[in-house]
Amino acid sequence: APVIVWFRQDLRLADNPALSLAAASGAPVIPLFVLEEGGRPLGGASRWWLHHALARLAGSLAALGSPLVLRRGEPAAVLDALIAETGADTVLWNRRYEPDAVAVDSAIKAGLRERGLTVRSHNAALLFEPWEIRNKSGDPFRVFTPFWRACLGAPPPPRPLPAPVSLTSPAKPVTGDALDGWGLPPTKPDWAGGLREAWVPGEAAAREGLLDFLDGPVATYGGDRDRPGIDGTSRLSPHLRFGEIGPRQVWHAARHAADARPGAAPGVDAFLREIGWREFSVHLLHANPGLPDTPLDPRFAAFPWTDDAAAAGAWRRGRTGYPIVDAGMRQLWETGWMHNRVRMIAASFLIKDLLQPWQTGEAWFWDTLVDADAANNAAGWQWVAGCGADAAPFFRVFNPILQGEKFDPDGAYVRRFVPELAKLPDAWIHKPWQAPPAVLCAAGVTIGRDYPAPIIDHALARDRALAAFKAVKGEG
Ligand code: FAD
């Protein structure tokens, strides 16, 4: 009888345990993707990515001999219908960790097993399962450094599986939806031009991206990873998010690169540590289902956020008057991605300078990031807000001028995404409103006309944030 392989966040052939098991069974394989109803709707940038990821996956599966079946609806009902149609007796998948997805998957597994079907789930998304890495009391870690130490001390993750070389297709073709009919990419208006220019979704591009990164930039990753003007990071985040590549593949390829090029070893360690932060976020979400909207530190539930739609709107559009913040927000809007250092600066600005709830920023990132991920996004926002696990303390407020000067010293990043400031000299690129009139004139910039004046004075905003924070901590 046929075996159904339910693809979800593992849109690849290599190192895909569910697919490998199905291929090895020799039975006909029905690869399935379900556009799910229910749960948090995907953001716009994620919908664009998913469309292209599915198109590539469908091409690869067709080449192996078994086309991808697309269906839409509640997964339990979709699976029931497919089982009834095809007589499949086995359903295989790789696990997901978002609480609502875990609930859906557990209910389906129990229901199908009750009816005598074989159901197996596997790990394809993590180096270590959340239940494998625990502290001495058997609880999930809440601090990153000991968490990562425990990961590095555990037996290394298994070597990645090769992609199957062929699949048996069911005797009778299985019908499904046409991908284009799902309307995942934007049409009216089509705002995805910047995404198309910046990215190639799919397993092949993910693999190539990893190898290119390990051949070059990884050697200087330790220092360059904080420089948004340099392409110093891997840009694997959307590929990891959709499972076009898995962390075991990254781990073993990176270790191999370090062995082959000893000079690159410190860079490899620093890079794998960031993969470790991804693991940490997923483990945190698994242990704290409320992570995407509820502060882990309960004192923050009473934080006196302000409600300033105009300020939040200026932040979203990249018109705060702080060049490093605006460059980041425009990079996000144009390319669906923002450099990690700038994510921290822009998030801090929204939360601490503008006193907007971190959930407002989380929601915008969710909609606009191609790598929008329930665990990493929420953990990132809670970390910056100071209410997360192992978070930056609230009283540490990023100064957007000093951050810009330190991490984008030649203004290369600001010039790329805020072109109206491109002609300003380095000395003023991060504080254009303080530049002498002659300098502004020479650069062709009138503050308030070509580029906004700061929407808030950072020093005053910082005092306001610290006062609000004191009230929450009961120290006011
Ligand atoms: P690299 O530096 O090459 O790192 C390799 C991989 O490690 C990344 O692809 C990513 O999977 C993981 N990683 C790196 N940094 C982090 C981190 N700080 N936390 C968790 N994982 C990390 N990352 C997402 O994947 N999705 C999100 O929705 C997301 N939202 C964020 C929101 C905020 C407010 C902040 C501060 C960070 C967020 N991050 C998120 C983490 C980080 O910014 C991105 O993973 C990183 O910028 C991706 O670029 P890269 O692939 O070149 O990273």
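Trainee: What is the strand order in the open sheet of five strands?
Mentor: In this predicted model, the order is β3-β2-β1-β4-β5, and the pairing is parallel.

Trainee: Which strands stand at the edges?
Mentor: Those are β3 (69-73) and β5 (118-122). Each has a single partner strand, so one side of each is left without a neighbour in the sheet.

Trainee: And how are neighbouring strands turned against each other?
Mentor: By 25° on average, with direction ignored.

Trainee: Over how many bridges do β4 and β5 pair?
Mentor: Strand β4, residues 90-94, pairs with β5 over five bridges, in the parallel sense. Within that pair, T90 stands opposite T118 of β5.

Trainee: Which helix packs on the sheet?
Mentor: Helix α3, residues 75-86. Helix α3 touches β1 (3-7), β2 (29-36), β3 and β4. The direction of α3 makes about 150° with that of β2.

Trainee: Changing topic to the ligand. Which residues come nearest?
Mentor: There are 27 residues around the ligand, and T233, S234, N340, N377 and G380 come nearest.

Trainee: Which helices each supply at least two residues of that shell?
Mentor: Four names to look up: α9 (237-241), α11 (265-287), α14 (340-353) and α16 (374-385).

Trainee: What is the shell like by class?
Mentor: The shell has 11 nonpolar residues, with eight polar and eight charged ones.

Trainee: Where does the ligand lie relative to the domains?
Mentor: Between domain 2 (126-157 + 203-287) and domain 3 (298-471), because both give residues to the shell around the ligand.

Key
Residues are numbered from 1 along each chain as its sequence is written. This is a predicted model: local features need pLDDT of at least 70, side-chain atom pairs count only at pLDDT 80 or more; totals for chains, interfaces and linings use all residues. A residue is near a molecule or strand if its C-beta atom, placed from the backbone, lies within 6 Å of it. Ala, Val, Leu, Ile, Met, Phe, Trp, Tyr, Cys and Pro count as nonpolar, Asp, Glu, Lys and Arg as charged, and the others, Gly among them, as polar. Domain bounds come from an automatic or database domain assignment. Two strands pair if DSSP finds at least two bridges between them. Axes are lines fitted to C-alpha atoms, for helices over the stretch in contact, and angles run from 0 to 180 degrees between N-to-C directions. Two residues are in contact if their C-beta atoms, placed from the backbone, lie within 7 Å.
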